[in-house]
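User: I would like a close look at a single part of this model, with the cut-offs spelled out as you go. Please take your time and connect the pieces into one account.

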Amino acid sequence: EFLRQFIGNDGFYDINRYSWKSVDDVTIAATCTVSGRVPVNIPSRLLQYFSVINMPTPTQSTTQHILEAKLGRYYIINSFPEEVQRTVGPLCTAGLYLYQQVMANFKPKPSRLHYMFNMHSLRQFYLGMMSCGAADLTSQDAVVRLYVHETCRVFCDKLTSEKERERFCGYQVDSMQKYFKELATKMVFTKRHVQDARIMFTDFHIQLSSEETVKRYRIVPDNKQLMQTLTDMQNRFNVSESQDYHLVFFNDAVQHLV
């Protein structure tokens, strides 16, 4: 009601000073969630002040075409190996399949309102797939490992229960078994192997050399090294600040950080 009054009357009433305050030259842009995900009831008295634009979700074929063009162009421009470039099609198909499974099976409820997966989530996943440089993504096996990390980072990281994370891992393995069969990878596509692998990529676990100016997003070869890096970063922060923080970097916390 406050927003309706603000738009309709170009201002609002100050209840402390009992006076009207006019506000000029303000344009308001609003967005709405996808119908069917979370109930949204917008009063018609407010809606009358907006010009409504509906942007329907693109079809699967359209979405895949866009993603393949974007990812393929990135691999070509940055001179990735030929075998890495051949993963574009399976990557986009598997990513879309997993995204659809997440949308269908992990819907928001009062106890988990943050389960808001949408096209932005899919975009974040593919941006992650384009974070590695050609020097760090040299084989199809490395691409598959990056796929595991990015899907966990974007989708699984939001899940709150172990049972849901187990279900997600099942969908993740299904996507790889269906679309990565032809890839030259040593990774075993089972839930146990994927979970035990603890695959993580970061751009901070290895310090830049004197010749490097840009951080490199690459796989964590040793989890102990990552733990030591996090501990060192915490110690440096405690030295520079007046308050001391003594965080415990247990496995779930580390995975959430990266």
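Is Cys92 buried or exposed, and what is its relative accessible area?

Analyst: Before the answer, a word on the source: this is a predicted model, in which local features need pLDDT of at least 70 and side-chain atom pairs count only at pLDDT 80 or more, while totals for chains, interfaces and linings use all residues. Residues are numbered from 1 along each chain as its sequence is written, and side-chain values use heavy atoms, with hydrogens and water left out.

Cys92 is buried, with a relative accessible area of 0%; buried here means under 20% relative accessible area, exposed means over 50%, and partly exposed lies in between, with a 1.4 Å probe and protein chains only. The sulfur of Cys92 lies 16 Å from the closest cysteine sulfur, that of Cys132, which is too far for a bond. A disulfide is taken as a pair of cysteine sulfur atoms within 2.5 Å, and a search of the whole structure finds 0 of them. Cys152 is partly exposed, at a relative accessible area of 27%.

Cys92 is one of the buried residues of helix H5, a list that also includes Val88, Leu91, Thr93, Ala94, Gly95, Leu96, Tyr97, Leu98, Tyr99 and Val102. Helices are DSSP runs of H or I with at least four residues, strands are runs of E with at least two, and both are numbered from the N terminus. H5 covers residues 88–105, and at 1.5 Å a residue its 18 residues should span 26 Å, which agrees with the 26 Å between its end C-alpha atoms; the expected span is 1.5 Å times one less than the number of residues. The cover over the buried residues of H5 includes helix H3 (60–77), helix H4 (82–85), helix H6 (119–129), helix H7 (140–154) and helix H8 (162–179), where contact means heavy atoms within 4.5 Å.

H3, one of these covering helices, can be described in the same terms. The buried residues of H3 are Thr63, Gln64, Leu67, Leu71, Gly72, Tyr74 and Tyr75. Seen down the axis of H3, they fall within an arc of 155°, so they line one face of the helix; the arc is that of the directions from the helix axis to the C-beta atoms. On the other side of H3, Ser61, His65, Ile66, Lys70, Arg73, Ile76 and Ile77 are exposed. What covers the buried residues of H3 includes H4, H5 and H6, and just after H3, Ser79 takes a positive phi of about 55°.

The loop between H5 and H6 holds Arg112, which counts as buried at 14% relative accessibility. Leaving aside residues up to four places away in sequence, Arg112 touches Lys107 and Glu164.

Aromatic rings complete the account. The structure holds 14 aromatic pairs, and the rings of Phe125 and Tyr126 have their centres 4.5 Å apart and their planes at 65°, so this pair is edge-to-face. Rings of Phe, Tyr and Trp (its six-membered ring) pair if their centres lie within 6.5 Å, with planes under 30 degrees apart counted as stacked, over 60 as edge-to-face and the rest as tilted. Phe125 is buried at a relative accessible area of 0%, and Tyr126 is buried at 4%.
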